[in-house]
Amino acid sequence: MKPYNCYICKSYNNKPYVRIKDSLNINSFTIVECDCGFCYVNPRPSEEELNKYYSTENYLPHSKGKGLLFLIYRIVQKITFFKKFILLSSLTNEKITHLDYGGGDGKFSTYLNSKKNITSSFFDPYYNNTLSADFKKDEYNIITLWHVLEHVYDLDVLFQNIGKSLKNKGKLVVAVPNFDSLEKNIYKENWAAYDLPRHLYHFNNISLDRLLQSKGYKIIKKKKMLFDTFYISILSSMKISNISVIKSLFISFFIIIKVIIKGPDYSSSLLYVCEKDK
């Protein structure tokens, strides 16, 4: 494994934040906190080592499995597809040309292509049957990164690709787990959004603001992702006990009320709508 500096401020000055067992229960990984406040996995495994964490049947976005967890995931997915479609439709009056970067098995693109005035493609470097994206210049007016940014091994390559392919004044939609979410302190090491080592970076609203603005994107809207609270709480509680799953529903209601009061910066996931500004 190789040590890394902070992607936000480039400093090597950091301190251990927490050490968590990985999603396969094989190794433990350390999340460090930089002097600037950004948290990330350090040291991190190689890309080749990371592949085994995406090829497992337990990784839901790539899975065709069965069971309660998979059923919950598919139900949530169907609901969120509709909500995402409504959001994208509100961002432009033109025909939508869309790229779902990190789109897994392409189900969201397939869903969008069934709608009028939308052409959608997807690309995912960790999915074996992904379509090949050429990243042609000014090809898309909307690019989405649904829970992708935290996974990307080389963020420079990511932003080069989307910067080339997104039209000027095009919209970039980014969703990531929120490291300042209220349920993280409740579930502690069982918080599902740690998901080590697949989640290499752990953003809050401050670090995500800094990253996107440094890459030339103007943040035009922040939205609450209230439904994610139920999903993440259920996944987290399933690591503890069956009774905890029931308790998680009550915890979720409590958290949602607080998020409604405190605002999207405390939501389980951060959802930003940005505009290409350079």
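Strand E6 and strand E7 (residues 166–177) pair in the parallel sense, with 6 bridges between them. This is a predicted model, so keep in mind that local features need pLDDT of at least 70 and side-chain atom pairs count only at pLDDT 80 or more, while totals for chains, interfaces and linings use all residues. Residues are numbered from 1 along each chain as its sequence is written, and side-chain values use heavy atoms, with hydrogens and water left out.

- Helices (H or I, at least four residues) and strands (E, at least two) are DSSP runs, numbered from the N terminus.
- Two strands pair if DSSP finds at least two bridges between them.
- On the E7 side, Tyr140 has Leu166 as its bridge partner.
- Strand E4 (residues 96–101) also runs parallel to E6, joined by 3 bridges, and here Asp100 partners Thr144 of E6.
- 7 of the 7 residues of E6 (residues 140–146) are buried, so the strand is largely enclosed by the rest of the structure. Buried means under 20% relative accessible area, exposed over 50%, and partly exposed in between (1.4 Å probe, protein chains only).

**Aromatic pairs**

- Rings of Phe, Tyr and Trp (its six-membered ring) pair if their centres lie within 6.5 Å; planes under 30 degrees apart count as stacked, over 60 as edge-to-face and the rest as tilted.
- By this rule there are 17 aromatic pairs.
- One of them is the tilted pair of Phe159 and Tyr217, at 6.3 Å centre to centre and 45 degrees between the planes.
- Phe159 sits in helix H4 and Tyr217 in strand E9 (residues 217–223), so this pair ties together parts that are 58 residues apart in sequence.
- Phe159 and Tyr217 are both buried.
- Phe179 and Tyr194 have ring centres 6.2 Å apart and planes at 75 degrees, so they count as edge-to-face.
- Ring pairs also link Phe81, Phe85, Phe108, Tyr111 and Trp146 into a cluster.

**Helix H8**

- H8 bends by about 25 degrees at Ser248, where the bend is the angle between axes fitted to the seven residues ending there and the seven starting there.
- Its buried residues include Ser244, Ile255 and Val259.
- After H8 comes Gly263, with a positive phi near 105 degrees.
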